[in-house]
Every structure is written in structure tokens, then in C-alpha cells.
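Here is a short report on one structure. Please look through the sequence and the 3D view before reading on.

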Amino acid sequence: MGRVGVLLLNLGGPDKLEDVGPFLYNLFSDPEIIRLPFRWLQKPLAWFIATRRTRTSQENYKQIGGGSPLRRITEAQGEALKEQLSYLGQQANIYVGMRYWHPYTEEAIAQLTQDNVEQLVILPLYPQFSISTSGSSFRLLEKLWQQDPKLQRIDYTVIPSWYKQSSYLQVMAELIAQELEQFPNPNDVHIFFSAHGVPKSYVEEAGDPYQQEIEECTALIMETLNRPNAHTLAYQSRVGPVEWLQPYTEDALKELAAQGVKDLVVVPISFVSEHIETLQEIDIEYREVAEEAGIHNFRRVPAPNTHPVFINALAELVIDALKNPSFKLSQAAQMKKMVKMYPQERWEWGLTTSAEVWNGRIAMLGFIALIIELITGQGILHMIGILQ
Ligand SMILES: C=CC1=C(C)c2cc3[nH]c(cc4nc(cc5[nH]c(cc1n2)c(C)c5CCC(=O)O)C(CCC(=O)O)=C4C)c(C)c3C=C
Ligand SMILES: [Fe+2]
Ligand SMILES: [Fe+2]
């Protein structure tokens, strides 16, 4: 076996408050995050939304110490994975590639080519696949591969999603059980799975398998836990005015409180590391919502981070991937036949010449309206709540 590398993919987060603006700009510039009919509008709109969101987002990062812990935790996971792989007899170099902040995926790719990696396992640190997370990273990697003949010589394989992996299910069940045991009557505690949301159209129009994988993952964790507790699945972190997957976490918490639930354990299900959406959104914002509604005993299950059973899950995934036939980026990006990802797909209304002309005119009007709104602070985006 040649020199082996493992590329861990994650979203990235601002290390300090000054990074928040440029990080948000990178995020909103991604067409897999904001799906627009006109590609040329992407960057101005990204700049606009990022500018308007920076202050609120900075306030949130301030509450968790002034920056995201995602880089530190992901690097620690990488070191622990290297050790565990070596213990299992597999030597490998680990590379961390973030989508929207340092260390960028491009930096990781440059490093692994310099190290002459011959066999590579691409492992997203998202248990479930979504167009907006793993899909976006795969799309970027596909582009980098097409551009670089050196990369094309690497024998690589992709793990598109891994929410069914037995050691992962085991660690989730263990972490939940530990939290349940903190209550006087563990079996009476309500288990609340809070998944990261995505716009409903991703699932219903673009064919994102995310919701189905989240639902299956929840059922598998409950099966592994093997306890009689009642449970709920809801979706957090909605951004913007469009409809996202429902029920929303906030509404579901109020609903459970109205039903008389007093003891609750929240399980963050789309993440494997602590970050702003666990430390700020769940621990501060949703706790407040729950307590105000009457759920007085609110606990949160920690993310797996560097838990040894979780690191072993990652190591098992890598070892299995090296043994199995390789899975290519093009296959991973289009796992389900309906999945539509940019830039391949074009909107139907852009397919005729006259439609293109009209698209351009409408987009120009939209862009002018956007600039006016930016200057005056008044307009449709304020009215519908996308801007404050
Ligand atoms: C606007 C659309 C967004 C979609 C769709 C989305 C999906 C999605 N995101 C994660 C995981 C993470 N998101 C993080 C930050 C973050 N995400 C969005 C927006 C969307 N996410 C924003 C605006 C931000 C910045 C924070 C904020 O201002 O709210 C992070 C990094 C957090 C950190 O600690 O820095 C992660 C991780 C998943 C799993 C997901 C869909 C499945
Ligand atoms: Fe989010
Ligand atoms: Fe996000």
C-alpha cells in the first residue's frame, strides 16, 4: 500500500471576531448554500447578507469566547484518528480541509500533494449527507481534481455519509444514556433530537437525501439506546425567510412544554464537534425558550468530539474504505438520482434566448433594488425579515 492520507472535511468557523464577516461572505457565496437563479448575483448578494448579519453573528460568537472552537476540535480529532489508525496497524497522514475558513480545503490539498499521498480517503465530518455540507465540499474537490493532473494520479475514495456506522451509533447511545442518568427518573425524560435544518426546497425540489438520513439516524440511535423514553425530532438554525424543514426546534420545545414535559435531554444530531450551534444556539437560546415555556430540567448531550469510541468509529470507516472498491466524487455528489447541484444544473427558465434576456433584465432590476435597500435601509428584504 502506498503512502496513505485521510482528508477530514468540515465547514470551518471564524477563529476570532474579525473573521466573522469574511467567513460569512465565503459561506453565502456558495451556490449550494444560497441557491439563486442568476449566478452573477451570488457575490453581491453574499456580500450584502454577510454585511448585514455580521454584527448579530459576532454577538453570538462573543458568547462562546470570541470565536469558533471548530478548528481546534477538528485538529484534535485528526491527531486522535492518526493514533488510533496506527494502533490498528494502518499508518496515515491526516489533513483537515474546511469549506469556508482556515485551514481551507485548497490548503489541505496542496499539502497532501506535496507529501506525495498515493492513497486518499475523503471523510466528511458530517454523519448525514446534505447538498449544503458534504455535497458542497465534494463539488469543490471535483473542481480541484479536474484542474490538477497531479491529483488525478491519486487513488482516492469518498465516504459520502456514515450515520449507520455501528461505533458511531454506540457512542451516541452512550452519551445519551450518561445524560439520562443525571435525572432522578431516567425513563421519564423526553429525548429531543435537534438536527440542523435546511430549506425544504433542498429536499423536495433538489432531492437532498438529508431529511431521510436524519430520520433513519434518529431511529437507529433510539434502537441502539434500547430504552423506553419518548422522543422527538426537530430542526434548528433556520436562516432567512423561506420555509425550512419542520418542525422547528423552537416550536417543538414549546409544544412539548404545553404537553407537560418537564425533563428534557437535547441531542445535537448533525454535528460531531461543539461549535456555535451547540454552545450558543442550544445551550443559551433554546434553553431559554424551554425554561420560559416550563421545561425546567434541560440538559444537552455533548458532541462526540474526541471520545475514544467516536475516534474508533472514524478509524473503522477509514480502514473499511481502504478495503472496499473506491467511490468517486462524481458518484458522491450525485448519490441519489434526483440530487441537483450547482454548477451543473441550469434553471429551466434560462434555457431559451428570450428567457435569458428577461432573466438578465429582472436580475438587473433586483440588483438595483438591492443597492437602494442597502443605502436606505428600507425595502422588501427588510419587510420579509431577511435583513434587520
Ligand atoms: C443559510 C443557509 C445555511 C444552511 C443551509 C446551512 C446548513 C448547515 N450548516 C451546518 C453546520 C454548520 N453551520 C455553521 C455555521 C453557519 N451556517 C450558516 C448557514 C447555513 N447552514 C451560517 C449563517 C453560519 C454562521 C453562523 C451564524 O451566523 O449563524 C457551522 C460553523 C459554526 C461555528 O462554530 O463557527 C457549522 C458546523 C450543517 C450540518 C448544515 C446542514 C445540514
Ligand atoms: Fe447554522
Ligand atoms: Fe450552517
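The text below covers a metal site and then a sheet with its helices.

This is a predicted model, in which local features need pLDDT of at least 70, side-chain atom pairs count only at pLDDT 80 or more, and totals for chains, interfaces and linings use all residues. Residues are numbered from 1 along each chain as its sequence is written, chains are lettered from A and ligands numbered from 1 in the order in which they are written, and side-chain values use heavy atoms, with hydrogens and water left out.

The iron ion (ligand 2) is 3.1 Å from the iron ion (ligand 3). Protein donors (N, O and S atoms within 2.8 Å of the metal, or 3.2 Å for Na, K and Ca; water is not among the atoms, so sites may look incomplete) of ligand 2 are His-196 (NE2) and Glu-277 (OE), at 1.7 to 2.4 Å. His-196 belongs to strand 5 and Glu-277 to helix 11, so the pair ties together parts 81 residues apart in sequence. Helices (H or I, at least four residues) and strands (E, at least two) are DSSP runs, numbered from the N terminus. Buried means under 20% relative accessible area, exposed over 50%, and partly exposed in between (1.4 Å probe, protein chains only).

| Residue | Relative accessible area | State |
|---|---|---|
| His-196 | 19% | buried |
| Glu-277 | 18% | buried |

Elsewhere, four strands make an open, parallel sheet in the order 2-1-3-4; strands pair if DSSP finds at least two bridges between them. Strand 2 and strand 4 are at the edges, each with a single partner strand, so one side of each lacks a neighbour in the sheet. Strand 3 is joined to strand 4 by four bridges, and Val-121 stands opposite Thr-157 in strand 4. Helix 5 (residues 134–147) packs on the sheet, touching strand 1, strand 3 and strand 4, where contact means heavy atoms within 4.5 Å.

Methods: Axes are lines fitted to C-alpha atoms, for helices over the stretch in contact, and angles run from 0 to 180 degrees between N-to-C directions.
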